Amino acid sequence: MAPLLVGALSALALVAAGGLLALCALSWRKTALAFWPPARPDDRRARLFLSLYRVMIAVCLAASLVASVSEPVALWRILIGCTIVAIGFGAGAAIISGMGWRGALGAADGLRTDGAFAISRNPTYLAHWFGLAGWAFAVPSWPIVMALALWAASYALMAWLEEPWLAARYGEAYRAYCAKVPRFF
């Protein structure tokens with residue numbers, strides 16, 4: 001029963017992560033279906049994007065928990081992976097908290113260049129990539145790892161999608177910031 005449940009949850013996680021990546025790709029093409037960055041934090045496309053993101057997280061988490069219970073995994077691997085997850089997602093949450101959820105979802109609350117943003121233009125994505133790497137290390141299921149990889153790829157695409165949007169909003173101040181601070185590292 002557990003392998004079947006892991007398979008079903010993993011498939012759903014892959015569909016959700018693939019859907020998120022597809023929405024990013026639609027945004028890349030600058031179509032009327034552009035989902036990221038959102039036009040406004042309360043835009044219906046932003047709500048759909050965020051809903052799919054939440055489903056992806058919930059399903060990946062559920063699949064990981066079921067897989068971890070049903071498949072033997074070394075305790076040290078789980079402890080190291082969960083520590084990396086906690087550090088990565090904890091740092092990401094702290095960065096988002098500092099800018100506010102509305103800012104993370106497209107509110108024009110000013111260009112952030114301080115704190116973690118003084119080191120990287122995309123510190124939230126970096127922190128979450130770190131957390132995703134820990135998650136992939138701890139989980140014993142390749143389909144889940146593939147879903148996590150799609151999730152990570154969507155973050156990479158989202159970072160590039162945000163740049164023209166930020167340049168249009170903040171103009172020369174953003175271009176000067178880009179000249180001083182790297183996109184990721």
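This is a predicted model: local features need pLDDT of at least 70, side-chain atom pairs count only at pLDDT 80 or more; totals for chains, interfaces and linings use all residues.

Colleague: How far apart are the end C-alpha atoms of α2?

Modeller: Helices are DSSP runs of H or I with at least four residues, numbered from the N terminus. The expected span is 1.5 Å times one less than the number of residues. For α2, with 27 residues, that gives 39 Å, and the end C-alpha atoms are 39 Å apart, so the two agree.

Colleague: Is Ser-64 buried or exposed?

Modeller: Buried means under 20% relative accessible area, exposed over 50%, and partly exposed in between, using a 1.4 Å probe and protein chains only. Ser-64 lies in α2 and counts as buried because its relative accessibility is 7%. Other buried residues of α2 include Phe-49, Tyr-53 and Met-56. The cover over the buried residues of α2 includes α1, α5 and α6. Gly-98, by contrast, sits in helix α3 (residues 75-99) and is exposed because its relative accessibility is 53%.

Colleague: Which residues does Ser-64 touch, beyond its neighbours within four places in sequence?

Modeller: Contact means heavy atoms within 4.5 Å. With those neighbours set aside, Ser-64 is in contact with Trp-135, Val-139 and Ile-144.

Colleague: Which residues have the most contacts inside the largest nonpolar core?

Modeller: A nonpolar core is a set of buried Ala, Val, Leu, Ile, Met, Phe, Trp, Tyr and Cys residues joined through side-chain atoms within 4.5 Å. The largest one has 35 residues, and Phe-49, Met-56 and Trp-151 have the most contacts inside it. α1, α2, α5 and α6 each supply at least two of its residues, with α6 giving the most, 11. Another core, of six residues, lies apart from it and includes Phe-117 and Tyr-174.

Colleague: How many aromatic pairs are there?

Modeller: Rings of Phe, Tyr and Trp (its six-membered ring) pair if their centres lie within 6.5 Å. The structure holds 11 such pairs. One aromatic cluster is formed by Tyr-53, Phe-89, Tyr-125, Trp-135, Trp-151 and Tyr-155.

Definitions and conventions: Residues are numbered from 1 along each chain as its sequence is written. Side-chain values use heavy atoms; hydrogens and water are left out. Rings of Phe, Tyr and Trp (its six-membered ring) pair if their centres lie within 6.5 Å; planes under 30 degrees apart count as stacked, over 60 as edge-to-face and the rest as tilted.
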